[in-house]
Every structure is written in structure tokens, then in C-alpha cells.
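Work through the exercises below with the structure at hand. Try each task before you read its solution.

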Protein chains: 2
Amino acid sequence: LKEPDTQKTYKVAVDAMGGDHAPHVTVEGSVLAAREFGIPVILVGDEDRIRRELLRHEVENLPLEIKHTSEVVEMDETPTTAIKKKRDSSLRVAFELVRDRKAHAVVSAGNSGAAIAAALFVLRRLKGVERPAINTVIPSLNGAVSLIDAGANPTCKPYYLVQFAIMGSVYMQEVMRIDKPRVGLLSNGEEESKGIDLTREANELLKRSSLNYIGYVEGRDIYKGGVDVVVCDGFVGNIILKTSEGVFEVLGQVLKEEISKSYLSKLGYLLSKKSFSNFKKKFDYSEYGGAPLLGVDGTVIISHGRSSSTAIKNAVRIASELVERDVTRHFLEHMEKNEDLFRVGKKPSIFQKIFGTGS
Amino acid sequence: LKEPDTQKTYKVAVDAMGGDHAPHVTVEGSVLAAREFGIPVILVGDEDRIRRELLRHEVENLPLEIKHTSEVVEMDETPTTAIKKKRDSSLRVAFELVRDRKAHAVVSAGNSGAAIAAALFVLRRLKGVERPAINTVIPSLNGAVSLIDAGANPTCKPYYLVQFAIMGSVYMQEVMRIDKPRVGLLSNGEEESKGIDLTREANELLKRSSLNYIGYVEGRDIYKGGVDVVVCDGFVGNIILKTSEGVFEVLGQVLKEEISKSYLSKLGYLLSKKSFSNFKKKFDYSEYGGAPLLGVDGTVIISHGRSSSTAIKNAVRIASELVERDVTRHFLEHMEKNEDLFRVGKKPSIFQKIFGTGS
């Protein structure tokens, strides 16, 4: 058994009961993260079931703990109700461990609406952040692109998009080590005359920001490179992700069908097999683990309900990296630099109404 | 030279100067359509240049005419200005031929904003239609899916989406011969609680329509089948098309790079070549020609600026089919059936304001 080179000190709480294949893949992914990266993991959930899963693995000396909980939030439950009522659910308790400083980050592949609700309700928003957003890292021709918001906020105001831009930019800089990330605003054309009211107002605000803003980008730019952070509302972000998923799946299936039509093709496929698996790996979402929910007071990774153990392992790794690089503190700094932009579009407070804007 | 089996009687006007590779591909595509399908084509544009292109082909006995024009709308011109000022442009004149009943349909691969402007300005909207929309047919696992609006209307009201749904449904029924097309509204999840204000209101209206409405669909459903017409606003529609284009291009490029890395892979590729070309053909947009602009008083096909001659040929074929199947008349019938839905959200007229809704 390979011992990790260094033992990390930041603990990650994993919602062991969350996801379509829980606790099987969540426990396996946590074991892999503890073994390969030396990351301490607190497995939150039904102790008996977690112990049974652990029996499948060599876990001696691995930094793993169990925090027992008696309830589970189901995938189709109403988010806020589930979080409020199921006080001893693995999902809620995992977030509470972060709030109570018993863990440094949390990973959940469970009901994503409930995870967002738990983040808002238990951890609360970072000071100055109006709406936390999901930041999904997408594989592109030249590395990786951050798509933010990937689904948390279907309806947005222009200055929300500015905040998303800042959060995505800090993420690419601190986690993906990209210097001065190029930030683009997703639109239906590159010319300034394109777009809708939302993007046109956000475009004006972004031009005045301290970011490396390159203007409007189009759907094809996401995968072709030339931009590091693609900003959009959560409605569009969700549709982009799901559409891309659909294209990948269908292309894989059609290619397979075509190839299996003749012996010659099949032989050819066997010879190029290595290429196909490299190709698949390059565009495998699970390599990227999960997507961080940025803008809350704590490190939160939301993984796909259908996550594999590799995805969970990578989600734990990313969670640990985010803590290590102190991404939350960087957010706060950048937010302060662009503070004036956040005021735009907000309703004036009662004091401002009475005493004017100088309050 | 193969003679067409039957000579069609409906004439199609082709904007011969429109598109990145005009008049080369527009003339070639028109020649192919006339030869293979017997469709009479009026080539609109600079007579000398068109004649020079025609010299490259065997055109004796083919039903081709030329309508000379002296101006060209460039790809980056402001649409409405170009249409108003360049009265003798190939684009405008091609639309006028339809208005004056000298042609039955028009195909343009030129400035698409200008083509939409020409359609509205020269042909005008169908009675009852608030906003014409681009209907793009997308290849899916089980045939073809209509995506409407694919870009004409970035900002929409709920009842526009209902009109798009009707137009897309009639199109799939009359042109693609699909019985009772399943209509889905694009959203960020299938549950009714998902969506944004626009989709929630449109969802309520669509439930009351005479269409085969199946509710919300997600991005992945576009390519996976299970739905025949996917309705969205033109901002989202444009982003979906461009994102898909990006995924296709990037996957093709990455696969090629991977394969060329080793001799074995290359040999393998040669053996499976037939599969790849079948595969490519299945997802080749040019097989579908162009996208009709539905809801105007005339048959209009808008092709991609980078169209090949095959795409132009298929655009002419689709234009001719739309006329033959009298799609415009079918629209009007369905519009009347769902007339009450169109009133919702419209401003009341001055008469309604004064005399109540009974006017």
C-alpha cells in the first residue's frame, strides 16, 4: 500500500449518503483521496452502512473518521424543507461540521438544491456577495474554462453577473494557476450590439471592473479556448452543461454503432483504442470532480448525482486545494476592490432613501 | 447528364451574392438543385459573375434564370440600414421576387440580420404572428429535432414562445412528416418548479394549447430524442447552436490529434474510415441545408454564411418542399385554433381599454 508523501491537515467532510450510488462511491472516493493525497476525510452518514463499505478497502492508517447521522435527504425532496426538517441528515450535518470548524470543507453529490440551501442556511453568504454561484470547470482545447453560474441562480440581475465574474476569475487564478484570467460574458454574438438587457448592462459594469475582461464571447468559444472564465446566468449555464453532455453521449454512442457495423472497422478500432481512451480522458468530467459553490462562508463542492468514485476523489482533492490556497480570503479582497460595482442595481436601503446616497 | 424525373413548377430565388463563398457555392448549389431535383432557380446578383460561375457546370436544359442586381449587402453591415439603402442589392431583390409572385421562395446565405430585416420589411409578418422565428433542424439520435427560435428574437415574451411552438410543430408535421410532434419547452430541469418567469408563463399557456405538449425538457434531450420540437428564446437558441458547433469541432480535432500520434492508430483509423464518414454525415449540418424563417408571408430559408454547395442545394430543396406542402397555410390554420393564447400578455388596444374586453 502506497503511503501518501505528506499528510494534509485540512479535513474534508463528505456527505456519504448523497448521490445516486451512495454510500458505495462516496466511501470509495473518500478512501482513494485519503490514500492518494493524504487528505483527512470525515464520512458523514449512517455508521453501519459506511463501515460495511469500508470493509471493501484497505483503510489501515488512512486519515478517515465517521460522523454518524440518522437521516438522508432524498434526491427529489424540496430543498429548503428538507434542510429545515431533517436536522440530522448527512447533508446538513456535513455543512454544520464546516460551520463549527470541525471540518474545513464539504463535498456533497446529493440533492444539489438542498446542498445550496444548506450552504446559505448553515454557512451563510460571504460578506458583500449577493448570490453564491456554481463554478463548473469545463475541458477545452487549451486546458480548462470556468463556467459560472452553472445553475444556482436561474434569474439574475446585471451586478450578480459581475460578482460571478470576480469569483470565477479568482478561482482560475488561485486554483488553476492562470495569470490574469480572461473573462468573457456569454452572448449571442461578439458585437456589443448583440445580447439582451441583462448582458448589455453587465457588459458596461464589467468594462469598469478590475478584471481582465475581454467582452462578449459565443457558445463555441467555451470549448475552443481563448477565454478562461465564461460568465452567464444559471438558467443558460445549466442548459449549456446539459446540452454538451447530450452531444458527448450521443456522439460516443453513434461512433460505437458505426464502428460495430463491420469487422474491418472493429479491427481498426482495436488498433486505435489507445487514442480513443486518451480522447475520452481529456473530456471526462469526472477528472474535474465537482463544482465549487463560490461565495459562501466555507468551502463547498457540489458533485453530480451520478458521480463515480474518481469524481468524488477529485472533488475531495479540489476541496482541500481551495482551503489550502485560501480562496475565500482572495474573494473578499477582490470584492472590496470592485465594491462600487455591486451597488449598481441594488435597491437603496431605507437610510439611503431618507438621507440620500451619502449614508 | 441525368435528367430530373419531374420538373417542379415552384421557383426558388437564390441570393447568389450572399455568404462567405458567394457566388461560387451559391451558383454551384443552385445548379445541383436544378439538376438533381428539377427545381427552377432564379439566381439573383451580378450577371457577369454568375455567368462566369455557370461556365464551370453543364447547365444546358436546366431550369435556371438570372436576375441582375448591382449591389451587395456585406456580412457586417447594419441590417435595417443595408436593406433600406441598398434597394438593388441581391438580398433585397430576391425577397421582392417572392413578394411580387415571380418566385415562390427565397434562399439567402448572406447577412442573416439583413435577411430577417428584408423578410419583415419586404414580405411582412403572417397575420397573427407577433415575431417570426428561425427554425433549425438538429440531427438527434432518433432522427431530427426542431429548435425554435434559433436566434431571431433574443428577448421574448411568453406568448411568443407559444407561437414558436405552433410554428415548429406545423413544420415537423408538414415537412418532416412526423405525426403529432412532441413539443417541449427548454428549461433547467424537468420539474414544473424549475424555469424562469418566461418559461413558467409559457408553460401554463402551452398546457392549454392544442399542441402535443410534453412539458419542460432539458439540454440533453435535444440530442437524445424523445422530443420533436424544442422551444426557447433566440438568445438561448443561438447559444445552444454555437455551443454544439464548438463541441463537434473540438471533438473532431482532438480525435484527429490523438489518432495521428501513432502508426498503429493511423492504420486503425484507415480501417474504420467508412464508419467515421458515416458518422460525420449523420451529424453534418449541411445535409439539412438552411433554417426556415417561419411566420412571414412567404417561404424564406436562411443558410449559414459558411454554407457549402451541398448546403445551398438542400436549402433550395427544403424551400421548394415548404411551398409544395403549403406550410404557410397550415400555420394560419393552427394560429386560428390557438388564437386566444396569443392575446395573453399583449397590451390591450385603445378600444379594449375604453370598452372592456368585449370589443
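**Exercise 1.** Leaving aside its neighbours within four places in sequence, which residues is Lys67(A) in contact with?

*Solution.* Start with the ground rules. This is a predicted model, in which local features need pLDDT of at least 70 and side-chain atom pairs count only at pLDDT 80 or more, while totals for chains, interfaces and linings use all residues. Residues are numbered from 1 along each chain as its sequence is written, chains are lettered from A and ligands numbered from 1 in the order in which they are written, and side-chain values use heavy atoms, with hydrogens and water left out.

Step 1: Lys67(A) sits in strand β3 (residues 64-68) of chain A. Helices (H or I, at least four residues) and strands (E, at least two) are DSSP runs, numbered from the N terminus.

Step 2: list the partners. Contact means heavy atoms within 4.5 Å. Beyond its neighbours within four places, Lys67(A) touches Ile42(A), Leu43(A), Val44(A), Gly45(A), Val93(A) and Leu97(A).

Step 3: check one distance. Gly45(A) is 22 residues from Lys67(A) in sequence, with 6.4 Å between their C-alpha atoms.

Step 4: Lys67(A) has a relative accessible area of 36%, so it is partly exposed. The classes are buried under 20%, exposed over 50% and partly exposed in between, using a 1.4 Å probe and protein chains only.

**Exercise 2.** Describe the sheet of chain A and name its edge strands.

*Solution.* Step 1: read the order. The open sheet has 11 strands, in the order β3-β2-β1-β4-β11-β10-β5-β6-β9-β7-β8 (chain A), and its pairing is mixed. Two strands pair if DSSP finds at least two bridges between them.

Step 1: find the edges. β3 and β8 (212-217) of chain A each pair on one side only.

Step 2: Neighbouring strands are turned by 25° against each other on average, direction ignored. Axes are lines fitted to C-alpha atoms, for helices over the stretch in contact, and angles run from 0 to 180 degrees between N-to-C directions.

- β1(A) and β2(A) run parallel, joined by 4 bridges; Ala13(A) has Ile42(A) as its bridge partner in β2(A).
- Strand β7 (residues 182-186) of chain A and β8(A) run parallel, with 5 bridges; Gly184(A) stands opposite Gly215(A).
- Strand β5 (residues 133-140) of chain A and β10(A) run antiparallel, with 2 bridges; Ala133(A) is partnered by Leu294(A).
- β10(A) and β11(A) run antiparallel, also with 2 bridges; Pro292(A) faces Ile301(A) in β11(A).

Step 3: look at the hairpin. β10(A) and β11(A) have 4 residues between them, and Gly295(A) takes a positive phi near 105°.

**Exercise 3.** Which way do the residues of β2(A) point, and are they buried or exposed?

*Solution.* Step 1: recall the pattern. In a regular strand the side chains alternate between the two faces of the sheet.

Step 1: apply it. Val41(A), Leu43(A) and Gly45(A) point one way from β2(A), while Ile42(A) and Val44(A) point the other way. All are buried.

Step 2: Helix α1 (residues 24-37) of chain A lies across β1 (12-15), β2 (41-45) and β3, at about 170° to β2(A). Helix α4 (residues 90-99) of chain A lies across β1, β2, β3, β4 (105-108) and β11 (299-302), at about 145° to β2(A).
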